[in-house]
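Hi,

Here is the structure I promised to pass on.

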Amino acid sequence: MINYIWAALIVISVISALFTGRISEITSAVYKGGDSAIQLCISMTAIMAVWGGLMRIAEKSGLTNIISKILSPLVGLVFHKLDRKSEAAKAISMNVAANMLGLGNAATPLGIDAMKKLNALNSKSNEADNNMITFVVLNTASIQLVPTTIAALRSKYGAENPMDIAVAIIITSIISLIVGLVINKLIIIITSRKRETH
Amino acid sequence: MIDTLSAYLLPAIIMLFILSGIFKNVNIFDEFIKGAEEGLKTQLKIVPSIVALVLAVEMFEASGALDVITWGLQPLANAINMPAEVVPMMILRPISGGGAIALLNKTLQTYGPISKIGLMSSVMCGSSETTFYTIAVYYGACGVKKTRHTVIAALAADAAAAILSVIIVNLLL
């Protein structure tokens, strides 16, 4: 699926460039794309190392256990088939905590850590299992208690109360997460029925 | 107030991590080094996915494809009462995080933060993530090739977030 999305992005871009007359722009974007990718990777490398190090300390000190105990009911609600005491469940808790606090930089390394631990429990290591899909949907829905980046932009353009959108954002995030999880569940039910009838 | 609080958040969390390590007699420096090394190894695995995705996103943003798709989606947007000015955010949000923030900046500058368009764009931008990036990086890091229905489920959530942003701003704000 990601194959098609990637191909679609490139094909749509080239065709659009033909129509809008931006062929030279798209040509330079090919080179600029490589550059910005590597720049992004360099700043990400630092973040990955810092959070990799901090996480290891948190695991050894038992801090991870405490945070995962607090968030366990929440994580259990979404991942009801996952053992709540597993390493993967703990890693998921850490990622959820980072997302809720709006620590976007930390959420990615912690999310990757959780994905690796989920994959360790997966019987087919090159194919996503249901827990992994659920976890990705959870992360793309962006549950955040305080939308700092958006509020900062709103205040820059003179919003008297830049946090006025916080409640609307949380409601929208939660409902859209539920939609994603329900669609996920429906597809799992439909495909497993098909497998049974074959 | 919130700004000051969030400025203290990260240093406070890092201190909590370090103090909990010292309190439990963890060899914190050595453990940090080991963890950082693991982080670097993981980073190396996701570089190819990031290069592939950023290349496509840069091409998309340079090509004017956003205008073409916005124009194409006009009838659909009209049908769900979504202002045409908000449609680019709906398309760009799952594709490019930096692009979405830049677009929000421009939208707030043009229409103001308390206009319907400004409010809808803010809620849409804050209520979902850069879906394609998350999928590429998360699966790239653990070497999963078959993502099954991940994209469909994640995009369904994004579509719901976009439609809900319009409804909720009309209802609440």
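**What I found**

Chain A is split into domain 1 (35-129) and domain 2 (141-198), with the bounds coming from an automatic or database domain assignment. Before the rest, some housekeeping: this is a predicted model, where local features need pLDDT of at least 70, side-chain atom pairs count only at pLDDT 80 or more, and totals for chains, interfaces and linings use all residues. Residues are numbered from 1 along each chain as its sequence is written, while chains are lettered from A and ligands numbered from 1 in the order in which they are written.

Back to those domains. The centres of domain 1 and domain 2 of chain A, taken over C-alpha atoms, are 19 Å apart. Between them, 5 residues of domain 1 of chain A are in contact with 7 residues of domain 2 of chain A (contact: C-beta atoms, placed from the backbone, within 7 Å). On the domain 1 side of chain A, that gives 3 nonpolar, 2 polar and no charged residues. For the classes, Ala, Val, Leu, Ile, Met, Phe, Trp, Tyr, Cys and Pro are nonpolar, Asp, Glu, Lys and Arg are charged, and the others, Gly among them, are polar.

There's also a helix pair in chain A. Helix 4 (residues 87-100) and helix 5 (residues 104-120) of chain A pack at about 160 degrees with axes 8 Å apart. Helices here are DSSP runs (H or I, at least four residues), strands likewise (E, at least two), numbered from the N terminus; axes are lines fitted to C-alpha atoms, for helices over the stretch in contact, and angles run from 0 to 180 degrees between N-to-C directions. Helix 4 and helix 5 of chain A are therefore roughly antiparallel (an angle over 145 degrees). Among the residues making the contact are Ala91(A) and Met94(A) of helix 4 and Leu110(A) and Lys117(A) of helix 5. By class, the residues of this contact are 10 nonpolar, 3 polar and 3 charged.

Now chain B, which has 8 helices and 0 strands. Its radius of gyration is 20 Å, well over the 16 Å from the globule rule for 173 residues, so chain B is more spread out than a compact globule (radius over C-alpha atoms; rule: 2.2 Å times the number of residues to the power 0.38). The C-alpha trace of chain B spans about 60 × 45 × 30 Å along its principal axes.

Finally, the interface: 88 residues from chain B meet 88 residues from chain A. Helix 2 of chain B gives the most to the chain B side, with 24 residues. That side has 54 nonpolar, 23 polar and 11 charged residues.

Cheers

Key
Contact = placed C-beta atoms within 7 Å. Parallel < 35°, antiparallel > 145°, perpendicular 65-115°, else oblique.
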